[in-house]
Amino acid sequence: MTDVQTADVRNAETVHRWLASRLDLWGKKALSDDLVETLTRFCQRIGKCPDEMIDDCLRPGKERDVYVLRTRARREYMEQIEAFEAETGSRDQANIVRSFLIHNGVAMNPNLLP
Amino acid sequence: MDFRQVVGRQRTFQYFLPYRPVERPKVQVILEAGRRSSRAVNTAFSKAIVTHRDSLSAEEREKLKTPLSAALVDTAPVYIFWYHDMDARRVAVEEKKWPTVASGTLVAIGALGPPHGWSHRYVQQVVLPEVLMPGLDAGPQRGGNADAALAMAQGLLAALDEGLAACLAPFDEAGAKEVLRTPDTWEPVMGMFLGYPAESWEAGGQEPRPPFESMFFEQNAAEPFARDAKLAQALAESGLGGRPAPVPWREREVRALARMLGLPQE
Amino acid sequence: MELKEVIGRRRSIRFFEPWREVEREKIQAILEAIYRAPRVLEVDFVRVVVVHRDRLTAEQMAQLKTPTTTAQLDMAPVYIFFFADMDALEAAARTGGGFRQLVDAGVLNRSHGWSPEFVSGMAAGYLKALVDDPDKVPVGPPGPDGKPRLASREALRLARTAIGIAQDYALLSAFNEGLGALLSAVSVPAAKAVMGIPDSWVPSSPMLLGYPGETPEAGGQRPREPFEEDFFELHYGHPFYREPAVVERLKAAGMIQEEAPFPWRMDEVRGLARKYGLPD
């Protein structure tokens, strides 16, 4: 466990972007307190702030606002989330973390096959 | 008409009633069908120009002919020239024109979304620069586009469904460019020659194909797909099939058609 | 189903029932439709490989995925891959290919200038000129010798046309069978390795196939650019007039359907995410 606090997570730029994107796509009902709480638990588990997670996965490109997907980092986060899912026993909680990454431009999905 | 019957009706039709015009609404149906075909990232790769034989001068018609399509140009009352717009991806990506992936529409309408890993930010920051933009600097590239052919194939089925005979054949690109004034970024797909059939719908019978097992495989390229013969027969009877060419009376039909249409008999 | 309705119902389905296998007879029905599709210049280009997801190893599945291809590959139980065999074109350029068959079968006749001599001379020569065009490009990833196979752009143009026709027949046939489908991206080098694809086969997007998990409308028919942007009459720049009465007729026939987005589409997508354990 690290000292990543809920307030740090809530104030992160990438979290604001995530919540704004959810609001835009799904409406108000897609915003609930457990989003930030769950992401905070994941951040504490891996010892990274939300902005760091996105920086790990998307390398700035040559032009402004263009990024290159770091496939190895993405793969590592997918594995970390799978471990989090196994630990919590909750696909829903793991999907909250995946949602955070997706709305920030990092595509991923859980394994659907047995 | 039932889907399977339309598929089973397809032939390389060669004989059209030269005096029977094709109604404009039927031509529109063909285009509307092509417009609804699947296309990658919802981009408008497919274009078409409708031309009427009788609106062209003899000189213009000559310009459209290839050795493989000369007689069709002379006998079909309507031609639809299908093209691939090699500039379509650039227009979608740089001008953000039309409802495509690049403009964000497919995410906005819920066709692609977070359950599949997609978001507006993913489109703007990753898909555009990494998938859709690479190669644009090189300018339009020839080499064909399957999506443009999907549109044409769907138009062909619609033509048959509308009771028309149709045949796909190549046309002379340079001549067509002169006659049709096509942009430099369009490359030909195929010409669709259309009309009411002068020949029977069987058109001599269903055309030969290579063995099924040489085209279709299962799990890997060395394992032919095991075709169930009874099922193949049932599907043929439900509309996909027909008597194999040549039907016994084909030669007589062809001679009669040649006489009727003033075409060479020998 | 009526053709017009099949065309109208087709749209890219991305949610499949991952646990529901597709009956073998439906797969064969799709292949039989492709079998009857017109050939481009009568060349036997088309090769199709049916792949069952559950016969792939986890490692193979992972290799097939690209960053843009995620859940749909897991969800669809069947993938149908399309290829064009460039060797078929080269063989046809030597002999006249399927044109000869059509002359023999009485489809192509002397009334239109066709004869065995015309096939072996003019028609074969036409195909040979396309094969021999000097503007050549790679048609796939490098082979075992580290070099990719080359083909002329003109030959590739025909090959992709042949694939597109087959894909269209396959998609429509899938919807006619009550299935859902879409053309999707996969890793081409991985796909070739998994299926042992010869270097002469040019790949294209596979069709993912399964029972749809979403409603048939899937949020509505996908919007298009204006009709007048794509279709012209007599020459480019003169749009083909779109008669509203024809549009109404096609709406009644089910070919033109209500356009996306349906007002409840986003609720449907979130519901599907929960149903299949996907993120939202």
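Two residues are taken to be in contact if their C-beta atoms, placed from the backbone, lie within 7 Å. The structure discussed here is a predicted model.

**Contact of chain A with chain B**

By that criterion, 17 residues of chain A meet 13 residues of chain B. On the chain A side, at least two residues each are supplied by helix H2 (13-26), strand S2 (67-69) and helix H6 (91-103). The residues that chain A places against chain B comprise nine nonpolar, seven polar and one charged.

Chain A as a whole averages a pLDDT of 93, and 98% of its residues score at least 70.

**Contact of chain C with chain B**

Here the contact draws 103 residues from chain C and 102 residues from chain B. Helix H8 (residues 153-176) of chain C provides the largest share of the chain C side, 16 residues. That side divides into 56 nonpolar, 22 polar and 25 charged residues.

Strand S5 (residues 216-218) of chain B runs parallel to strand S1 (residues 46-52) of chain C, with three bridges between them. Within this arrangement, B:Glu218 lies opposite C:Val50 of S1(C).

The composition of the two described sides is set out below.

| Chain A, touching chain B | nine residues | seven residues | one residue |

Note on methods: Residues numbered from 1 in each chain as written. Chains lettered and ligands numbered in written order. Predicted model: local features only at pLDDT ≥ 70, side-chain atom pairs only at ≥ 80, totals over all residues. Helix = DSSP H or I, 4+ residues; strand = E, 2+ residues; numbered from the N terminus. Nonpolar A, V, L, I, M, F, W, Y, C, P; charged D, E, K, R; others polar. Pairing = 2+ DSSP bridges. pLDDT = per-residue confidence, 0-100.
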